[in-house]
There are 2 protein chains.
Amino acid sequence: MAKQYIDLATLKFLLYQVHQLKEVLQYDRYADHDLESIDLFINAVKDFSDQELFPYFQEMDAQPAHYKDGKIIVHPQVGVMMKKGGEMGFISGAFDFKDGGLQLPLMVFTAASYIQDAANNHLPGYTGLTLGAAELIVHFGNAALNQIYTPKMLAGEWGGTMCLTEPQAGSSLSDITTSATPQADGSYHIKGQKIFISAGDHEYVDNFVHLLLARIDGAAPGTKGISLFVVPKKRLDDAGNLVPNDVITAGDFQKLGQKGYCTTHLMFGEGDDCKAWLVGEANQGLKYMFLMMNGARIGVGRGAAAIAMAAYHASLAYAQERPQGRKLTATGKKNPDQAQTLIINHPDVRRMLLLQKVVAEGSLSLVLLASRYQDLIKSVTDETEKERYTLLLEILTPVVKTYPSEMGATAVSNGLQVLGGYGFCSEYVLQQYHRDIRIFSIYEGTTGIQSQDLLGRKVTMKAGKALGYLVEEIAGTLQACATIHDFQPYANKLQQKLKDVQAVLQFLGGFAKTGNYERYLADATLFMELFANIVVAWRWLDIALTAKKALLTNDKTYTEAFYESKVHAMKFYFKYELAKTAGLVESLMDKEVLTIPNEKKVFI
Amino acid sequence: MAKQYIDLATLKFLLYQVHQLKEVLQYDRYADHDLESIDLFINAVKDFSDQELFPYFQEMDAQPAHYKDGKIIVHPQVGVMMKKGGEMGFISGAFDFKDGGLQLPLMVFTAASYIQDAANNHLPGYTGLTLGAAELIVHFGNAALNQIYTPKMLAGEWGGTMCLTEPQAGSSLSDITTSATPQADGSYHIKGQKIFISAGDHEYVDNFVHLLLARIDGAAPGTKGISLFVVPKKRLDDAGNLVPNDVITAGDFQKLGQKGYCTTHLMFGEGDDCKAWLVGEANQGLKYMFLMMNGARIGVGRGAAAIAMAAYHASLAYAQERPQGRKLTATGKKNPDQAQTLIINHPDVRRMLLLQKVVAEGSLSLVLLASRYQDLIKSVTDETEKERYTLLLEILTPVVKTYPSEMGATAVSNGLQVLGGYGFCSEYVLQQYHRDIRIFSIYEGTTGIQSQDLLGRKVTMKAGKALGYLVEEIAGTLQACATIHDFQPYANKLQQKLKDVQAVLQFLGGFAKTGNYERYLADATLFMELFANIVVAWRWLDIALTAKKALLTNDKTYTEAFYESKVHAMKFYFKYELAKTAGLVESLMDKEVLTIPNEKKVFI
């Protein structure tokens, strides 16, 4: 197995130098932390991941979570993750002090979670969902709910889940049918089934706290009639003992990847005795859920970015050790008398490795940037500034969720290809990353849904204000390139690509104006690909600029070669990745109207 | 499980109308066959595949081939495939009458194999490798070898393999070290190990015939010292009994996909008693192997094309049954009071399905075209004509191997995405196609190797004659569009894209002229993507033109809707796929020189 799954120097360079954690730390909110204490925390997370996560990664794949006799059997390391994760702040890290958290900047908490994801993506979901469920209780639950559930969850003693999906509704949450019937004591009785419930059951916590969407009897149809409930697996009886709450585990979905991360099917109230407590106000469930959704979607992007990075390191290690074939000589032939060369010396292998590198590091930068905006939203006091960061976060969120998932999968597939036939063999880890990462473009809203969110809501929201702010941010980086002569061509190129985006939006906007919303959104996924590609080009220009400035100022934090490699990667991105936008623009602005006399027959 | 894995009408339309099988049947070589008998054969293969292949597809994945107590355990259906396949001509079909074959056109044999691949890609390799091994004996072996081996192999009683790869050499065949020591009786003793030997051992045939590359003691280093041998698992003793020939099965590689298709590790001559017989002349092994390689590579393309088609049908069936979400109304909102719509009515789902369709059918057309050229090479008597088809086959072969493998994998991933969360679940077949197809861009020379073959050899061979012939063929289709007014814009677009290819070749050629071959070939994989995309655009224009002519001439072989759907798919391809070439051209002609002071440090 590969020995390295991330390069800590790159993570720290991005966190400290590119994304300037110290600026965030200046706010009162983070007065208890400094760069030194944070660096120790990051190192501790890396040590923990080296010892408790990475060594179990392939083993958990070989021993999938499964359903047996009404129970979900998971790898025992899940217990370690919950217990130690609870102790080390992997759940509570970013919660406020007042709620029992460490009040760490999200940038730091994200970096820490990223390390765990890269080490073993089957485990951080167990703590991550507990975090997400606790967050809903903290933000929207009353004091009583908080008192009972939050401390146990932040400590990792009780697990948490999000129960949204139902078999008949899928992504269409407006069609969920799970019912909540009011009881005399103020609680509700729940009846219904939920599927695809990650981390939904296992033996390594004392209880589960399901944050569940249901309809109170008589509620309006559609999304307006959905409420959010706390549904524990075991409820407290009058004597304070945990007793069963009529939540039955009906099965565990067997999957292509992430096999150590259970995906359960839960049945609520089969015996008409499943008690639940309303979170916040009735019929606001979807709103609450979506207020937390940015975090969940950034978490998905983070996981995919981490897998792409781990796969990059695995294939890089192979390419640096495997001799095969020879370099071309001056006559264009290979000389069999020469010793074989390492495959990293073949241009096509280098291209595949660099593709992985720019996707993995570019994705990480995206994720950290989103976390930075989250921190600033919490920290700034000026309302205009707060709105700015809120809108920047809004428009970036679908990109942060989608780019690492989609391009990360492409990157991992290139990593597998680097190994040739061995890449297809179970003995090598690349095929596992290839399977694991495939779910990320489906989790928390598919790429299609994210793309409609981007083009249908985020780009147009507040008359394009979010987009305007983002363009300003990019313009700031372009401006900063002005002083560095050899960066000017890249800045100009990116400037031109931004104009292409404007042209595409103007073209598509014509359809929206005439009420043809279906046509406006039909190619939303292509627009996402175009937009995300350009946003990541901006990230690379920023990364390279930071490195270049370090070189120019003789900053010795990292080696010259380290900084040079970041500038080189930016050039690679512009040559091989950014160029792809040309084709996307051509497709998006193609006037072709694809019709056929009988629409249904198109698939014959 | 999906009920349909191919659309027989589309296969026949491509075989009979687009690729004009009847033209090939006019040659003397195929005088014993007519369209009617061939149609019966195709139908029989489909029936067989429905009954004996498709029903075992998921089962074979769940019960992988594996190594136990020195033996390889495979699914019993392997036995059915070898026996019935032998009887039905799945091995001998395209062999000459004189060699015991049915002398079918390769176009027909390919179509038949394609049906089998689509039904269950784990099984046709067993007969396919037996075919390939027998082909080498028939073409290059002496009468004695032919007498002993060929009939048993064509009947499926003995299995065949290709033993090329060794652990230390991988794709670099010039580095193989397996040795062949001449014996007094004219035979050789073999010593060495071979890995990744598909269909290398199982209990359902009486013997195995390995066609193996080795070096005769004292032979030249590199590819010039490699010879081809027949190495049976059991050899005939003087009494005519089969006795062990010191071929040991050392293991079976466990893999990401194609789990029912064993991938063995074989050891030859561990007891110094492994006898082998030279095929043809000494030191000509690689040449012989490569004379057969076109067939093997087209076979890989065919398999990938078939998986892409099967996955398309599986996701299409799901999309036609699954209700979820609603269409946008005139206000751009969804109306929750409406019933849910089928997901096939969502534009993004349609886009994913059409992407699959154009890749799958375009790939099939490529594969049939290559087979057609193979038939013509065998049939025409005029030497100039023969050279033309030979060169066309040469330049198309890397494309036929690569496009279905690479774009097929993308298509299958889109198919998985159509199913949302269910696509990731083992219960649904899409995740299996996703795993199975991943090997095809590695088999028989990776995409990187095919791309270097295309740009480094095929495009430049005979001063660009092969490319010239291909451009002529494409020009013929463009010419034929001239009479059909609404096809003119597509013909013009393709014409322009061909000019782009010329410009790219001129730009890259500059590097070759100055002896910078490494730079010339560095982006060969991108050139492949560009070139293949344009070749498939030509295939779609040809398919659509054939359909359009059928509509204009009121040809009732298929329904109007059928023909319309092909024209529609061509338009989709031009809008969404052909457009991608713009970005590739931009990358390929980018003057950026990616250097860094210390080349090795680029991956920090």
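**Exercise 1.** Leaving aside its neighbours within four places in sequence, with which residues is Gly93(B) in contact?

*Solution.* The model is a predicted one, in which local features need pLDDT of at least 70, side-chain atom pairs count only at pLDDT 80 or more, and totals for chains, interfaces and linings use all residues. Residues are numbered from 1 along each chain as its sequence is written, while chains are lettered from A and ligands numbered from 1 in the order in which they are written. Begin by placing Gly93(B), which lies in the loop between helix H5 (77-88) and helix H6 (106-119) of chain B, helices being DSSP runs of H or I with at least four residues, numbered from the N terminus. Next apply the contact criterion, C-beta atoms, placed from the backbone, within 7 Å; the partners of Gly93(B) are then Gly101(B), Leu102(B), Leu104(B), Phe109(B) and Ala112(B).

**Exercise 2.** Why does Gly93(B) count as buried?

*Solution.* A residue is buried if 20 or more other C-beta atoms, placed from the backbone, lie within 10 Å of its own. Gly93(B) counts as buried because it has 24 C-beta neighbours inside 10 Å.

**Exercise 3.** Describe the side of chain A that touches chain B.

*Solution.* First take the extent: 74 residues of chain A are in contact with 74 residues of chain B. Then turn to the elements, where H18(A) gives the largest share, nine residues.

Conventions:
Contact = placed C-beta atoms within 7 Å. Helix = DSSP H or I, 4+ residues; strand = E, 2+ residues; numbered from the N terminus. Nonpolar A, V, L, I, M, F, W, Y, C, P; charged D, E, K, R; others polar. Buried ≥ 20, exposed ≤ 12 C-beta atoms within 10 Å, placed from the backbone.
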